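Visitor: Before we start, could you show me the model, so that I can follow your answers on it?

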There are 2 protein chains.
Amino acid sequence: MGKQFTEVFHIPYYDCDTTGSLKVPTLIKMMIKTSGEQSKELGVHNDFVSSFGLTWVITHHDMTIERLPKADEQITITTEAESYNKYFCYRRFTVRDSEGDTMITMDSTFALMDVEARKMGSVREEIIAPFESEKIKRIKRAEKIPPLAEPIRQKEIGIRYWDIDGNKHVNNAVYLEWMMDGLTFKELIERKPVRMLIKYNKEIRYGQSVIGVTSQSITNDHGTVHHILSNNEICAEGYIEWAEG
Amino acid sequence: MGKQFTEVFHIPYYDCDTTGSLKVPTLIKMMIKTSGEQSKELGVHNDFVSSFGLTWVITHHDMTIERLPKADEQITITTEAESYNKYFCYRRFTVRDSEGDTMITMDSTFALMDVEARKMGSVREEIIAPFESEKIKRIKRAEKIPPLAEPIRQKEIGIRYWDIDGNKHVNNAVYLEWMMDGLTFKELIERKPVRMLIKYNKEIRYGQSVIGVTSQSITNDHGTVHHILSNNEICAEGYIEWAEG
C-alpha cells in the first residue's frame, strides 16, 4: 500500500557470529537504516522530524526468519510504511537473497516521541504523508509475548558507550543483543532464531543499572522469554523461538 | 615494499557513536577485513592458513588518528604487508577520505598461532611469499605502553557472545571497546582518540571473568592507560591519547 524502498547490503564477516551468520541485532540496524534512507529520499529525514521536537522510536518488532544471511552474502532489504493511526505507524521489512527469495520479514511499530518530554506524541500528517501509507482507525494488537516463567538465567548488564544511539538512549537493536546473550555460548552456536518478538515499554539511558532475565517459554518448548529490567520496571519483553542450527 | 590492496567502505550510521563518528573498534574490524580480502586475492585465505593448523593473530596495534570517518562518508582502506621475520609480520593500514587525504594510519604486528596448541608458530614461506614483503632479521620494537598508574576506574566486563570471533577467542577489536568503555559517557562525547597503542599478551575465551582497569598516563596529561585482566594476568595493555572533540 505504501511506497516501497529497497537497499542493497553486502554482509561483512565482522557483523557475523562465530558460525558466520549475520548478527540478528545488526540485521535490525540494517533494516532501520533502510527506513531512514527512505525517509531521506522522501524529504522527511530526521532533521525534519526534529524540527517538530519529535523523534522516531520503536514499540514492537515481530520477525520471522527462514534463513540468516551469511558472511560475504549480498542481500536486499525492502521496506514499506503500510498503515498508520493517530499514534502508531506500521512498517514491514522484507529481506531477500540475491535470487530474490524472501529470507526474513519483520513487522515493526513506530511512534513519535517528544524529545524534551520523553513522551509519545501523535503522528503528524507532514511527517507521514510522503510514505502514502493507509490511514486506519484501529490500533493493531501485536502478538502477545508469553509471561516470564521460572528464570533459568539472570545477568547484570553493563551498558556500553556504543549501546546508546542518537536518541541518547539504548538502541532498540541492543535489547535483542542483551536478550540473546541470556543463552549460553553453546546454545547460541547450536540454535538459530526463527521467530522473534520484542515489546519496548520504557527507554533506558546511560548509567542505569540493568538486569536481563531469561526463562523457557510456557507456550513453546523451543521458545525463550526475556525481560530487561531497570529500576524495578520491565523496560522490554522479548520472545525468541529457536530451531536447531 | 609489499603488494598493496585497497577496499572501499561506506560508513553506516549504525557503526557510529552518538556523535556520528565511526566506532574505532569497528574501524579496526574494517582494516582487518581489508587484509583478509588481500589474502583471499593472493590465494592465501584463512582456509589455506588453517591447512597448516595455523591462524593469524595480532600482537600489537599502533594507530594515529587525524580525523575519524563520519556516518555516510566513503573511505578507502589500503593495506600492505611491509616486512616479516621468523615470528612476526608487520602490516600497515592507511585510511583515506574521498579526496585521497590520509585520515588514519595503523601499524599492526601479526603472528601465526597453532590452533590446537594455542601457541605461536613460526611464519611459513608458503603463507607469506605472495605478499612480496621484505624479509628482515630484526624484531621490531613496538612503542612502549606506559605503566598503569593509580586506577581511576575498574569494571567487571561481561563477555558477550558476539565478542568471540572465528578463532574462538575475544576479537582483537573488542579489547579496544572494553578499554574505551573505561571512560565515562561524558568523557567519550567530549574527547576524540588521536593515538592508540594496544599490546595483546594472552587470548581470552568465552566464560572467563574479565576486569578492565583504567588510569591516567604518567607520560602525558591527555593519555589514559588500560589493562584488561583475567585470571590475575594482564591479557592486554593499551594507551590512548585524547584531544578535545
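Visitor: What is the count of salt bridges between chain A and chain B?
Guide: Please keep in mind that this is a predicted model. A salt bridge here needs a side-chain nitrogen of Lys or Arg within 4 Å of a carboxyl oxygen of Asp or Glu, and one pair that meets this is A:Lys40 with B:Asp72, at 3.0 Å from N to O. Between chain A and chain B, the count of salt bridges is six.

Visitor: Which helix gives the most residues to the side of chain A that touches chain B?
Guide: Three elements of chain A give two or more residues to that side, namely helix H1 (24-41), helix H4 (172-180) and helix H5 (185-190). The one that gives the most, with eight residues, is H1(A).

Visitor: How many nonpolar, polar and charged residues does the side of chain A that touches chain B have?
Guide: Across the interface of chain A and chain B, 14 residue pairs are in polar contact, both partners being at pLDDT 80 or more. By class, the side of chain A that touches chain B has five polar residues, 13 charged residues and, on the nonpolar side of the tally, 18.

Visitor: Which three residues supply more than any other three of the area that chain A buries against chain B?
Guide: In the contact between the chains, 36 residues of chain A meet 37 residues of chain B. Together the two chains bury about 3300 Å², with 59% of that area on carbon and sulfur atoms. Of the area that chain A buries against chain B, 30% is supplied by three residues, which are A:Arg160, A:Tyr161 and A:Trp162.

Visitor: What is the relation between chain A and chain B when one is superposed on the other?
Guide: Two copies of a chain are related by a rotation about an axis and a shift along it. Here a rotation of 180°, with 0.0 Å of shift along its axis, superposes chain A on chain B with an RMSD of 0.0 Å. That is the relation of a two-fold axis.

Visitor: Which residue of chain A comes closest to the rotation axis?
Guide: The same surface serves both copies, as 100% of the contact residues of chain A recur in chain B. The residue of chain A that comes closest to the rotation axis, with its C-alpha at 3.6 Å, is A:Gly158.

Visitor: Is A:Lys33 buried or exposed?
Guide: A:Lys33 is found in helix H1 of chain A, and, leaving aside residues up to four places away in sequence, A:Lys33 touches A:Glu7 and A:Phe9 as well as B:Pro12, B:Tyr13 and B:Tyr14. Its relative accessible area is 9%, and the limit for calling a residue buried is under 20%. A:Lys33 is therefore buried.

Visitor: How many residues apart are B:Arg67 and B:Asp97, which form a salt bridge?
Guide: The closest N and O atoms of B:Arg67 and B:Asp97 are 3.9 Å apart. B:Arg67 lies in the loop between strand E2 (54-65) and strand E3 (74-84) of chain B, and B:Asp97 in the loop between strand E4 (89-96) and strand E5 (102-114). B:Arg67 counts as partly exposed at 35% relative accessibility, whereas B:Asp97 is buried at 13%. The pair links distant parts of the chain, and the separation is 30 residues.

Visitor: How many of the residues of H4(A) are buried?
Guide: At the start of H4(A), a side-chain oxygen of A:Asn171 reaches to within 3.0 Å of the backbone nitrogen of A:Ala173. The buried residues of H4(A) include A:Tyr175, A:Glu177 and A:Trp178. The helix is largely enclosed by the rest of the structure, because the number of its residues that are buried is nine of the nine.

Methods:
Residues numbered from 1 in each chain as written. Chains lettered and ligands numbered in written order. Predicted model: local features only at pLDDT ≥ 70, side-chain atom pairs only at ≥ 80, totals over all residues. Heavy atoms only, no water. Contact = heavy atoms within 4.5 Å. Buried area = accessible area lost by both parts, 1.4 Å probe. Polar contact = N/O pair within 3.5 Å; in protein donor to acceptor, adjacent residues only side chain to side chain. Helix = DSSP H or I, 4+ residues; strand = E, 2+ residues; numbered from the N terminus. Nonpolar A, V, L, I, M, F, W, Y, C, P; charged D, E, K, R; others polar. Least-squares fit on C-alpha atoms with pLDDT ≥ 70 in both. Buried < 20%, exposed > 50% of the residue type's maximum accessible area, 1.4 Å probe, protein only.
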